[in-house]
Amino acid sequence: MSIEAINITKKFGHFTALNNVDLQIPRGELVALLGPSGSGKTTLLRIIAGLEFPDSGTVRFDGNDISDRTARERRVGFVFQHYALFRHMTVFENIAFGLRVRPREFRPQRAQIRAKVQELLKLIQLENLADRFPSQLSGGQRQRVALARALAVEPSVLLLDEPFGALDAKVRLELRRWLRQLHDEIHITSVFVTHDQEEALEVADRVVVMNEGRIEQVGSPDEVYNHPASPFVYNFLGNVNLFHGRVEEDMTYIHEAATGHVVYVRPHLLDIARLPSGGSHFRARIKHINAAGPLVKVEAIAEWGDPVRVELPQERFRSLQLMKNEQVFIIPKDVKVFPARKEMARAK
Amino acid sequence: MASITFPNPGLPAAAHATHATTERGWVRWTLIAVAVTFLGVFLFLPLAVVFSSALEKGFAVYLAALREPDAMAAIKLTLIAAGIAVPLNMVFGVAAAWAIGKFEFTGKSLLVTLIDLPFSVSPVVSGLVYVLIFGLQGLLGPWLAAHDIKVIFAVPGIVLATIFVTFPFVARELIPLVEAQGTEEEEAAITLGASGFQTFWRVTLPNIKWGLLYGVILCNARAMGEFGAVSVVSGHIRGRTNTMPLHIEILYNEYQFAPAFAVASLLALLALATLLAKTVVEWKARQQAAELEPRSGEAL
């Protein structure tokens, strides 16, 4: 089912959680709402679910206005950050809950409920744990049960609020790949909220980047990462070096009588050389080298005194044989220039 | 308690107790002796006296005292008062805890204060308030008299006073519990298609049942034992408006010690049963609390 949120505004007291937000989610997509805390992403998700109602604006499912419908009537599957499993019920009963509370005329028979729950237990690979209580499960297992419980009622859309936020790093990685796989199998329109850009870029078909109650950009992971629409997006999706600069026709000058432009360069888009190249470059002194990991992280001080972060492939680093305190030249391979705006001040 | 042991710096390690918080022997024994003596004198001794005095003149007298019509009437009235007050306060307590714990509204703190009012007002005063409202000279007195409804010096007054005095027990017990549990499970139930009643019955109630039972037990003990407020509104009419505590007082004032203590022994038994039930429920509630995952830690 497709989801449309039109002109949604929501205030909590004096705090504007959502400011005139418009969002279209096509049927069958897996979409990430990405943003820092307080950006309004969870509020938007809860408004789509009917757990929160906007001050103004409309929500449509498949073109039908459902703004006045309660969460119960919207038939959405909702997965909570802290699982919200019914702690006094077994895994089996948790998953069966949505079927058991149906009005008598729509309620499946016992055997059908049992079969459905078994099928879902198989899907989440927890067939042996049907009789356990939530307290006897690990975090990852609980979240899978929560997902199965949401899927049991065959919802029209699946909404997940920071689904992996409470899990440790390794489980989080496993579970998000599993979610992607699951989505490829069942193709239910899904929206998940996250503040982890890596998670959003890896799992989602499309990423909605949010900031301060507004949508900054909507696009495929490739688009938002490689063609950010605003300095905020560029900044939020990965590490970045920030220089003030001047733009003249087709030339950009870093750190020269700034004209209110900001130049962003990702650390892996900087190269280091011993000799000045024919193209752009600036002088720097190497301050610190961290060679652990797939990329070598080099911290340097630019000639005008600002710190610069560079990430080099291991081979490149080995061929250069860089030393601490060495004078080198830094060569930007790609830069992004934005006119200075107030967001910069908030850049992380 | 975790038993982390380490030698006491500056003292020979082996010579003294290894627990940092352990006192010397004589301090320990003195403290224990004081506590045991205190408990014995103020708790066990009175309890023993109640039962021994009740059975002083033999079991036959004991039974006769309980079978006496006025005693039977007092027991019956106590059961009626508690039987009405406890369920009502249970319903009210759950409703109040639900409202206060799950929703935000203006006047919330005022409501919480009001719920506590019966705890802070002397029972005699609350009894008097009812006399001032429902008594013949009271606010509603003339109207009630005109319609031939008796509240004060009658069963309704006793029930009202009992309800008032036992008002906070269930609510007080449940509010922190409901607040701690948050609303996520309810939200989950609603998104899964449960109605308001189904959500309450299948999700909220099972989560608070031990706390609720605990509150009900305390509420019941107080309802049956209440003296002050009931005494003011009762009028002490034998066989009609005497509850057990009032009946005991009358018997005692008439120097009928054995029958007085016989009835008192029933209240003492109630207290013991309450303690036992309370212990069981607390133990169950702790088990349930252990199932409550340590959310804050995990979220990090």
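Student: Which residue in E10(A) is the bridge partner of A:Met210?

Tutor: The partner is A:Ile215. Before we go on: this is a predicted model, where local features need pLDDT of at least 70, side-chain atom pairs count only at pLDDT 80 or more, and totals for chains, interfaces and linings use all residues. Residues are numbered from 1 along each chain as its sequence is written, chains are lettered from A and ligands numbered from 1 in the order in which they are written, and side-chain values use heavy atoms, without hydrogens and water.

Student: What makes strand E9 and strand E10 of chain A a pair?

Tutor: Two strands pair if DSSP finds at least two bridges between them. Strand E9 (residues 206-211) and strand E10 (residues 214-219) of chain A have five bridges, in the antiparallel sense, so they pair. Helices (H or I, at least four residues) and strands (E, at least two) are DSSP runs, numbered from the N terminus. The hairpin of E9(A) and E10(A) has two residues between the strands, and A:Glu212 there takes a positive phi near 50°.

Student: Why is A:Asn7 called partly exposed?

Tutor: Buried means under 20% relative accessible area, exposed over 50%, and partly exposed in between (1.4 Å probe, protein chains only). A:Asn7 has 37%, so it is partly exposed. This residue is found in strand E1 (residues 3-12) of chain A, and its phi is positive, near 50°.

Student: How do you know that A:Gln321 counts as exposed?

Tutor: Its relative accessibility is 60%, which is over 50%, so A:Gln321 is exposed. A:Gln321 is found in the loop between helix H10 (314-320) and strand E18 (327-332) of chain A. Phi of A:Gln321 is near 55°, a positive value in a residue other than glycine.

Student: And why is B:Phe42 called exposed?

Tutor: Its relative accessible area is 53%, and the cut-off is over 50%, so B:Phe42 is exposed. The residue sits in helix H1 (residues 25-54) of chain B.

Student: Which elements does chain B have?

Tutor: Chain B has 14 helices and zero strands. Buried residues make up 38% of its 300 residues.

Student: What share of the contacts in chain B with a separation of 6 or more comes from residues 24 or more positions apart?

Tutor: Such residues account for 70% of those contacts, where contact means heavy atoms within 4.5 Å.
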